[in-house]
Amino acid sequence: MSSLGGNYGSALYSAALSENLTDEVYNELTELEDVFAKEPQYLKLLSAANVAKEERLKLVDDCLSGKVHPYVINFIKILTEKSLATHYSDCVKAYRERYYFDNGIMPVTAVTAVPLSDSQSKRLTDKIASISGKKIILTNKVDPSCLGGVKLSYDSKQIDGTVSHRLKEVQELLKLDASQAT
């Protein structure tokens, strides 16, 4: 995340917090993030120096007025005025980090060889929530190379309980034993 995105996203969060709008703004920011991911040229257009600022601001109004909260529109207009709309995702990431922290939410990524079933996801989410005391947002990524088990990533930590990881540990142990035998 760029420091610029961090500053702008954090400032938006502070403004939304002061008005008790953090949930509404968060939901709209993430919805727009999905839209912009599908149409990345839109943000490039909003940052294009060769398009008059007034035209770019009009594009924001035409697309978003009446559809999202004025805080979100004004935020995107600020980014547009400064030709920084391409930093939108960094801004949302900073907002999300503060939102998650304030609401006791912890995103967790579970890497498995096959997709987790709904019941497995629920059990894993419930277990992590009971240990951490936080609300868990679980994302399941599939990587057949892990062979089985699960690798969890959260708060810059990793717990690797995959079969492939355990096989590597055994392999390292065998190498160590072989070198000590000679």
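The structure is a predicted model. Its secondary structure comprises eight helices and four strands, arranged along the sequence in the pattern α-α-α-α-α-α-β-α-β-β-β-α. The radius of gyration of the chain is 22 Å, whereas a compact globule of 182 residues would have a value near 16 Å. Along the principal axes, the C-alpha atoms occupy a box of roughly 75 × 35 × 25 Å.

For helix H1 (residues 3–18) and helix H2, the axes approach within 8 Å and cross at roughly 140°. Since angles over 145° are required for a roughly antiparallel arrangement, H1 is therefore classed as oblique to H2. The contact involves Leu12, Tyr13, Ala16 and Leu17 from H1, which meet Thr22, Val25 and Leu29 of H2. By class, this contact contains six nonpolar residues and one polar residue, with no charged residues.

Helix H2 (residues 22–38) also meets helix H3 (residues 40–47), and here the axes come within 4 Å and cross at roughly 95°. The two helices are therefore roughly perpendicular to each other. On the H2 side the contact is formed by Phe36, Ala37 and Lys38, and on the H3 side by Pro40, Tyr42 and Leu43. Five of the residues in the contact of H2 with H3 are nonpolar and one is charged, while none is polar.

In terms of residue class, the lining of the largest pocket divides into six nonpolar, three polar and three charged residues.

The second largest pocket holds about 160 Å³ of space. Met106, Leu124, Lys127, Ile128, Ile131, Ser132, Leu152, Tyr154 and Ile159 form its lining. Two or more of these residues come from each of helix H7 (118–132) and S3. The greatest contribution is that of H7, with five residues. The lining of the second largest pocket comprises seven nonpolar residues, one polar residue and one charged residue.

Key:
Residues numbered from 1 in each chain as written. Predicted model: local features only at pLDDT ≥ 70, side-chain atom pairs only at ≥ 80, totals over all residues. Heavy atoms only, no water. Axes fitted to C-alpha atoms, helices over the stretch in contact; angles between N-to-C directions. Parallel < 35°, antiparallel > 145°, perpendicular 65-115°, else oblique. Contact = heavy atoms within 4.5 Å. Nonpolar A, V, L, I, M, F, W, Y, C, P; charged D, E, K, R; others polar. 1 Å grid on protein atoms, 1.4 Å probe; cavity = no way out; pocket = protein on both sides within 12 Å on 5 of 7 lines; lining within 4 Å. Points joined across faces, edges and corners; volume = space filled by probe spheres on them. Rg over C-alpha atoms; globule rule 2.2 N^0.38 Å.
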